[in-house]
Amino acid sequence: MTGGKINWHKWFRGLPFVIAIFLARHEMQAQQKEIRIAAAADLKFAMGELSETFEKQSGTKVNVTYGSSGNFFSQMQNGAPFDLFFSADIAYPQKLEADGLAEPGTLYEYAVGRIVIWTPADAKVDVAKQGWKALLDARVEKIAIANPEHAPYGRAAVAALQKTGIYESVKPKLVYGENISQAAQFVQSGNAQAGIVAMSLAVSPAMREGKRWEIPADLHPRIKQGAIVLKDARNKEAARAFLEFVKSAAGRAKLAEYGFAFPEKPAQ
Amino acid sequence: MEALWLSMKLAACVAAILLAIGVPVAYWLAYSTWRGKFLLESLVALPLVLPPTVLGFYALVAMGPRGPLGKLWIALFGHGLAFTFTGLILASVLYSFPFAVQPLIVSFEGVDRRLLDASAVLGAGTLRTFWRVILPLSLPGVVTAAVLSFAHTLGEFGVVLMVGGDLAGVTRTVSIDIYDRVQSLQYGEANRMALVLLAISFSVLSVVYAVNRRVWSPWPAK
């Protein structure tokens, strides 16, 4: 090997210095022109377009991580380095604010979630025509919903099933996804025949072709979605600017396009 | 506690099945002289390096009505495999396979060849040699295989999350239950379950190391 020619000792002594330079560069770049957003799984498609437009307008780079709101909440309590949090449940940002982990006055209800009963296009039942009665069909053996214990969409699904009075009869068919995306994935893979998922996922490219029926908003508690700027945000100005952009007419139009409703106007 | 009991049941079933399948597979891998053996060895070791997301994803697709396994299962039993206890057993057997097979191979290979020759010279067939010579001499390996596959299944999370559907008493194993509790911010409950799991895992691993270090042995000394 040519390794004999290299003075490894010298090289290794220089290594921490090199790493330090890289880290410092990385830090500087991050401080200047980047915001980090933690976004609920149901925002997957809408947030991609929102951040793209914002990047073009402002020159600030937007880094989005998608996941479960509850997970993000625990991580933020333990100092996760996010600037902005878009939660599927406004209770989490509210709690962050109460705990003094968020910027006071930045809490904003950016949207209201809508839920739909969704089946693949080739399903044997026609959910678009039958509505919730399709779930009672014997050919629907499994119904996927998000886990009602910790996912807001799961809670809304259970509430709607209870309100229509079919909860007890469909309960044995229910299977639980860890979040709303996984519930959708159970149906898409064919392991469940129907699912109650977020409208924002049902209109996404992968699921657009399927059949869906929107569960009327008066059948479930409102799925209030909240965003907040975090106290430890490294780039508060840019984070606030992004939030303002989401509040703007253009931002709201994008959210509406991806199946979100707004607090002032009940979903159709 | 229901979740813990379910996990124990799953782990016991998986360990039993893995011993039954693992012993012949390990025997073949230890003694075969086929040149292409390394391919099979790699295949067996795959679950060690593949992330549970890959295994879980394939399992979910394979068990679905468009997957080969799902099709077969629906034809035989009239329902799919995902979200069932049987489905979990199947996925776990795949996931823990190397944990049963690797220790068995090592201990089979460690048996002194001269003893095998002696057994053959004395007129014992392959099967008789296996039962009377190889297996008794490989007991620590068998115990290790059983205990490791039990423990590994007990600690399984990703694959169960992906094909289980979180049904209480059916597919909600203890690791999923802990995850759910952390998600619902019930840290106290999560902590209690996690501690129990920690204690069990530690005791189980202690058994493996004690047996291998011959601190004590579950069978009489010869």
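This is a predicted model: local features need pLDDT of at least 70, side-chain atom pairs count only at pLDDT 80 or more; totals for chains, interfaces and linings use all residues.
Chain A first. Its sheet is open and built from 5 strands, which come in the order β7-β6-β8-β5-β9 with mixed pairing. β7 (174-177) and β9 (211-214) sit at the edges, each pairing on one side only. On average, neighbouring strands here are turned by 30 degrees against each other, if direction is ignored. As a general point, strands of a sheet pair through backbone hydrogen bonds, either parallel or antiparallel. Strand β6(A), residues 143-146, runs parallel to β7(A) and is joined to it by 4 bridges. Within that pairing, Ile143(A) has Leu174(A) as its bridge partner in β7(A).

Two helices of chain A lie across this part of the chain. Helix α8(A), residues 180-188, lies across β5, β6, β7 and β8, at about 150 degrees to β8(A).

Over in chain B, the backbone angles are worth a look. Most residues other than glycine have a negative phi. Phe83(B) is not a glycine, yet its phi is positive, near 65 degrees. Phe83(B) belongs to the loop between α4 (68-77) and α5 (85-109) of chain B. With 26 other C-beta atoms within 10 Å, Phe83(B) counts as buried, because the cut-off for that label is 20 or more.

Asp166(B) also has a positive phi, about 55 degrees, without being a glycine. Asp166(B) is found in the loop between α9 (158-164) and α10 (174-183) of chain B. Asp166(B) is buried too, as 23 other C-beta atoms lie within 10 Å.

Terms used. Residues are numbered from 1 along each chain as its sequence is written. Chains are lettered from A and ligands numbered from 1 in the order in which they are written. A residue is buried if 20 or more other C-beta atoms lie within 10 Å of its own, exposed if 12 or fewer, and partly exposed in between; C-beta atoms are placed from the backbone. Two strands pair if DSSP finds at least two bridges between them. Axes are lines fitted to C-alpha atoms, for helices over the stretch in contact, and angles run from 0 to 180 degrees between N-to-C directions. Two residues are in contact if their C-beta atoms, placed from the backbone, lie within 7 Å.
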